Amino acid sequence: AESPISEIGAVSVLKGNLAPEGCVVKHSSLPKGMRDIKLSARAFDSEEEAFEATINGGIKPGDAIIIRYEGPRGSGMPEMFYTTEAIASDEKLNSTVALITDGRFSGATRGPAIGHVSPEASNGGPIALVKDGDIIHIDIENRGINIVGINGQEKSKEEIEKTLKERKEEWTPKPPKYTKGVLGMYTSLATSGMEGGVIKIR
């Protein structure tokens with residue numbers, strides 16, 4: 001206790017216009033150069049799509065891989081294991097690329113992974129509205145995660161809000177992955193990842 005490895009612990013909750021209700025990052029596993037960084041979004045609607053892009057050279061240094069519709073209501077909130085390992089195992093990506101998702105991670109996850117983004121995509125959270133080329137600002141010290149640019153160009157807070165509002169009006173919810181059985185029941189009743197992903201009877 002007198003000589004901690006870190007005075008601020010190992011895990012942070014970040015909030016911002018990308019995750020108004022919060023998200024979780026194990027900041028102790030982040031390279032120092034990624035504690036305050038702006039990255040270009042690459043958006044995927046499933047982990048399978050993101051994994052294929054990562055291992056086949058579709059992800060470049062400076063990208064922020066967005067994996068959505070993997071939250072509690074989207075697909076039962078599976079672990080984003082394969083994509084996180086693909087990033088962590090690639091010397092060109094493990095200190096230059098972040099993974100941001102409404103899915104989850106295990107405690108052993110390595111590298112720049114941010115999960116539990118809430119509200120999740122299936123609930124119409126801002127993560128559902130991200131498009132390729134949006135600029136994502138990760139700011140660990142100030143516990144922030146924000147969309148700060150559109151199509152590669154930084155914009156004012158008001159411009160970002162206007163763009164997200166327009167996108168929300170055009171957004172169509174993705175059909176649920178599960179509609180029957182236990183997972184069907186769970187995904188229809190689950191709370192957000194930041195609320196524990198528990199079944200809540202309203």
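The legends below describe close-up views of a predicted model.

In this model, local features need pLDDT of at least 70 and side-chain atom pairs count only at pLDDT 80 or more, while totals for chains, interfaces and linings use all residues. Residues are numbered from 1 along each chain as its sequence is written, and side-chain values use heavy atoms, with hydrogens and water left out.

**View A. An open sheet of nine strands with mixed pairing.** The strand order is S1-S2-S6-S5-S4-S3-S7-S8-S9. Strands (E, at least two residues) and helices (H or I, at least four residues) are DSSP runs, numbered from the N terminus. Two strands pair if DSSP finds at least two bridges between them. Strand S1 (12-14) and strand S9 (153-154) are the edge strands, each pairing on one side only. Strands of a sheet pair through backbone hydrogen bonds, either parallel or antiparallel.

**View B. Strand S3 and its partners S7 and S4.** Strand S3 covers residues 36-44 and pairs with S7 in the antiparallel sense over five bridges. Ser40 has Ile135 of S7 as its bridge partner. For Ile37, the bridge partner in S7 is Ile138. S3 is also joined to strand S4 (residues 63-67) by five bridges, and these two strands run parallel. Ile65 in S4 stands opposite Arg42.

**View C. Glu120, buried and without a salt bridge.** Glu120 sits in the loop between strand S6 (113-118) and strand S7 (135-139). Buried means under 20% relative accessible area, exposed over 50%, and partly exposed in between (1.4 Å probe, protein chains only). A salt bridge needs a side-chain nitrogen of Lys or Arg within 4 Å of a carboxyl oxygen of Asp or Glu. The backbone of Arg73 does reach Glu120: its nitrogen lies 3.0 Å from a polar atom of the Glu120 side chain. Leaving aside neighbours within four places in sequence, Glu120 is in contact (heavy atoms within 4.5 Å) with residues including Gly71, Pro72, Gly74 and Asp102. Gly125 and Ile127 are also among them.

**View D. A cis peptide bond between Ser118 and Pro119.** Omega is about -5 degrees. Pro119 is placed in the loop between S6 and S7.

**View E. Positive phi at Met77 and His116.** Met77 is not a glycine, yet its phi is about 65 degrees. This residue lies in the loop between helix H2 (72-75) and helix H3 (81-88). Met77 counts as buried, at 8% relative accessibility. His116, also a residue other than glycine, has a positive phi near 65 degrees. His116 is found in strand S6. Its relative accessible area of 23% makes His116 partly exposed.

**View F. Phe51, Phe81 and Tyr82, a cluster linked by ring pairs.** The structure holds two aromatic pairs. The ring centres of Phe81 and Tyr82 lie 5.3 Å apart with the planes at 80 degrees, so this pair is edge-to-face. Rings of Phe, Tyr and Trp (its six-membered ring) pair if their centres lie within 6.5 Å; planes under 30 degrees apart count as stacked, over 60 as edge-to-face and the rest as tilted. Phe81 is partly exposed, at 40% relative accessible area. Tyr82 counts as exposed, at 53% relative accessibility.

Conventions: Lys and Arg count as positive and Asp and Glu as negative; His and the chain ends are not counted. A polar contact is a pair of N or O atoms within 3.5 Å; within protein, one must be able to donate a hydrogen and the other to accept it, and residues adjacent in sequence count only if both atoms are side-chain atoms.
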